[in-house]
Amino acid sequence: DDRASLRVEAAGWSGASDFARGSAELRLVSSDRRHGPVLSGRLGVSKATAAAPYMLWPGAGSGFGRPVLARAHPMLTDRRFNGSLFGRSLLHGGLEMVWWTGWGPLDLGAAAFSDLAVAGKRPEPFQGNDAQVDVGVGIRIGLLGQHAARLDVAHGLRDGAFALSAGMEVAVGSR
């Protein structure tokens, strides 16, 4: 019923300097319908070799930049990576519960979530590893097909960060 997925990716380049990157992610969801409570979870890891350019390094945050969510930590500041959850390695996970209901032709949902990200081998001037746990709430508006718009408010448990974020996401099926 499309409630579990495992994605593994690897890529390598050769030339003046050889480099590679790879990732694996497991996603689980309790239901393939937008009706009632739906619990989803994810767990993943990504790595890039030392010679890989920054644009191939993994990262987590909200907004544009990378697909992994850490919703209390914007990935970009003034259109530049802020370094917090950006490095040559990234371990990430998350849980989200959405309570879906129909309202006329729309599917509406109230969400509660937690995001975890651990970035390693970060670039200068960000040394060492950084780990963040973000929690928050949000609303979802189910759109045609599998997509939903999201609006989230998140709080970082380790550093007290706070952010409001919006986006589109692939959601479970329609009711």
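A residue is called buried when its relative accessible area is under 20%, exposed when this area is over 50%, and partly exposed in between (1.4 Å probe, protein chains only). By this definition strand S1 is hardly covered, since the count of buried residues among its 10 residues is 0. Strands here are DSSP runs of E with at least two residues, numbered from the N terminus. The structure is a predicted model, in which local features need pLDDT of at least 70 and side-chain atom pairs count only at pLDDT 80 or more, whereas totals for chains, interfaces and linings use all residues. Residues are numbered from 1 along each chain as its sequence is written, and side-chain values use heavy atoms, with hydrogens and water left out.

Two strands are said to pair if DSSP finds at least two bridges between them. Strands S1 and S2 pair in the antiparallel sense over 10 bridges, and they form a hairpin with 5 residues between them; within this pairing, Ser 5 stands opposite Arg 27 in S2. Strand S2 is in turn joined to S3 by 9 bridges, the two strands running antiparallel, and S2 and S3 form a hairpin with 6 residues between them. Here Leu 26 has Leu 43 in S3 as its bridge partner.

Leu 26 and Leu 43 also belong to a nonpolar surface patch of about 650 Å², which is made by these two residues together with Leu 6, Val 8, Leu 28, Val 45 and Leu 91. Such patches are made of residues with over 30% relative accessible area and no salt bridge, with nonpolar side chains (Val, Leu, Ile, Met, Phe, Trp, Tyr) joined within 5 Å and like charges within 9 Å. A salt bridge is a side-chain nitrogen of Lys or Arg within 4 Å of a carboxyl oxygen of Asp or Glu, and accessible areas come from the Shrake-Rupley method with a 1.4 Å probe, only the protein chains shown counting as cover for residues. Strands S1 (4–13), S2 and S3 each supply at least two residues of the nonpolar patch.

In the loop between strand S2 (19–29) and strand S3 (36–48) lies Ser 31, which is buried, with a relative accessible area of 18%. The side chain of Ser 31 reaches the backbone nitrogen of Arg 33 at 3.1 Å. The C-alpha atoms of Ser 31 and Ala 4 are separated by 10.0 Å, although these residues are 27 apart along the chain.

A search of the whole structure finds 4 aromatic pairs, where rings of Phe, Tyr and Trp (its six-membered ring) pair if their centres lie within 6.5 Å, and planes under 30 degrees apart count as stacked, over 60 as edge-to-face and the rest as tilted. Tyr 54 and Phe 86 form an edge-to-face pair, with 5.8 Å centre to centre and 85 degrees between the planes. Tyr 54 lies in the loop between S3 and strand S4 (60–62) and Phe 86 in the loop between strand S7 (80–81) and strand S8 (89–103), so the pair ties together parts that are 32 residues apart in sequence. Tyr 54 is partly exposed, at 44% relative accessible area, whereas Phe 86 is buried, at 3%.

Notes. Helix = DSSP H or I, 4+ residues; strand = E, 2+ residues; numbered from the N terminus. Polar contact = N/O pair within 3.5 Å; in protein donor to acceptor, adjacent residues only side chain to side chain.
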